Amino acid sequence: MAIDIDRLKTLCEGEDLKYFLAPDRPMVMLGFGGIHGRYQVVIPIELDGRFLQVRTVGYLHCPADHPANRQVLQILGHLNYQLRMTKFGWDPSDGEIVAYTDMWLEDGGLTQKQFGALFKSLLPAIDLNYKRLTETMENGEDPGEVTPATIAADTLPEKLRKLLEKAKAASDDDEDDDDDDDFRV
């Protein structure tokens, strides 16, 4: 059971997504905002509706002669190894970096839950790694994987961040005290 543009529109509406229809082919375009940037995504219907790809547009560019190209490609390779559904690609002809999720439909349909999973995989991956990739392109060094702690350090107001650090330190002290009790005779 292939997908058509009407089903794709219904799925987008089921996720409360605002979309634009391409005037010349069966494809929708969407825009998303995240912690580190704004992103555009397209979903073209391909191969008579048997294949669906959710793909970024204009995500990043790192030409082959860019000084940090090797480091960027290493990050992309690591992300592709680490992530299950979302993959990153690099076009050596122009340096375009894209992220995408693919779904082969063949003789099956696409449920609302499956459609939502495509975005739950893609959107965090592109947003959380955008800053890592741009910083690597700017200074040639990988700042490392993005974790909840690094996000908090980058986005929380300083007062709130200090309160959280203080609470964590107190929690760590309590855990250390509890451990000592377990070893008393």
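A residue is called buried when its relative accessible area is under 20%, exposed when that area is over 50%, and partly exposed in between, using a 1.4 Å probe on protein chains only. These legends describe a predicted model, in which local features need a pLDDT of at least 70, side-chain atom pairs count only at pLDDT 80 or more, and totals for chains, interfaces and linings use all residues. Residues are numbered from 1 along each chain as its sequence is written, and side-chain values use heavy atoms, with hydrogens and water left out.

Figure 1. A contact here means heavy atoms within 4.5 Å. The protein chain holds five helices and seven strands. Helices (H or I, at least four residues) and strands (E, at least two) are DSSP runs, numbered from the N terminus. Along the sequence, these elements follow the pattern α-β-β-β-β-β-α-β-β-α-α-α. Of the 185 residues, 32% count as buried. Among contacts with a separation of 6 or more, 55% join residues 24 or more positions apart.

**Figure 2. The loop between helix 1 and strand 1, with D16 and K18.** Is D16 buried or exposed? D16 is exposed, because its relative accessible area is 67%. D16 also has a positive phi of about 60°, although it is not a glycine. Most residues other than glycine have a negative phi. K18 lies in the loop between helix 1 and strand 1 and is exposed, with a relative accessible area of 73%. Leaving aside neighbours within four places in sequence, K18 is in contact with M29 and L30. K18 and G31 are 13 residues apart in sequence, and their C-alpha atoms are 7.9 Å apart in space.

**Figure 3. Strands 2, 3 and 4 and the hairpins that they form.** Two strands are said to pair if DSSP finds at least two bridges between them. Strand 2 and strand 3 run antiparallel and are joined by seven bridges. G33 stands opposite R38 of strand 3, and four residues lie between the two strands of this hairpin. Strand 3 also pairs with strand 4 in the antiparallel sense, over five bridges. In this pairing, Q40 stands opposite V57 of strand 4. The hairpin of strand 3 and strand 4 has four residues between its strands. L47, in the loop between strand 3 and strand 4, has a positive phi near 50° and is a residue other than glycine. L47 is partly exposed, with a relative accessible area of 43%.

**Figure 4. The hairpin of strand 6 and strand 7.** Strand 6 (residues 87-90) and strand 7 run antiparallel, joined by four bridges. The bridge partner of K87 in strand 7 is Y100. Five residues lie between the two strands, and G95 in the turn has a positive phi of about 85°.

**Figure 5. The largest nonpolar core.** A nonpolar core is a set of buried Ala, Val, Leu, Ile, Met, Phe, Trp, Tyr and Cys residues joined through side-chain atoms within 4.5 Å. The largest one has 35 residues, and I43 and F115 have the most contacts inside it. At least two residues of this core come from each of helix 1 (5-14), strand 2 (27-33), strand 3 (38-46), strand 4 (51-57), helix 2 (69-82), strand 7 (96-104) and helix 3. Helix 3 supplies the largest share, eight residues. Not counting residues up to four places away in sequence, F115 touches L8, L11, C12, E15, L17, I43 and L110. In soluble globular proteins, nonpolar side chains tend to be buried together.

**Figure 6. Helix 3 and its kink.** The expected span of a helix is 1.5 Å times one less than its number of residues. For the 28 residues of helix 3 (residues 112-139), this span should be 40 Å; the end C-alpha atoms are 41 Å apart, which agrees. Where is the kink in helix 3 centred? The kink, of about 35°, is centred on Y130. The bend at a residue is the angle between axes fitted to the seven residues ending there and the seven starting there. Helix 3 is followed by G140, whose phi is positive, near 80°.
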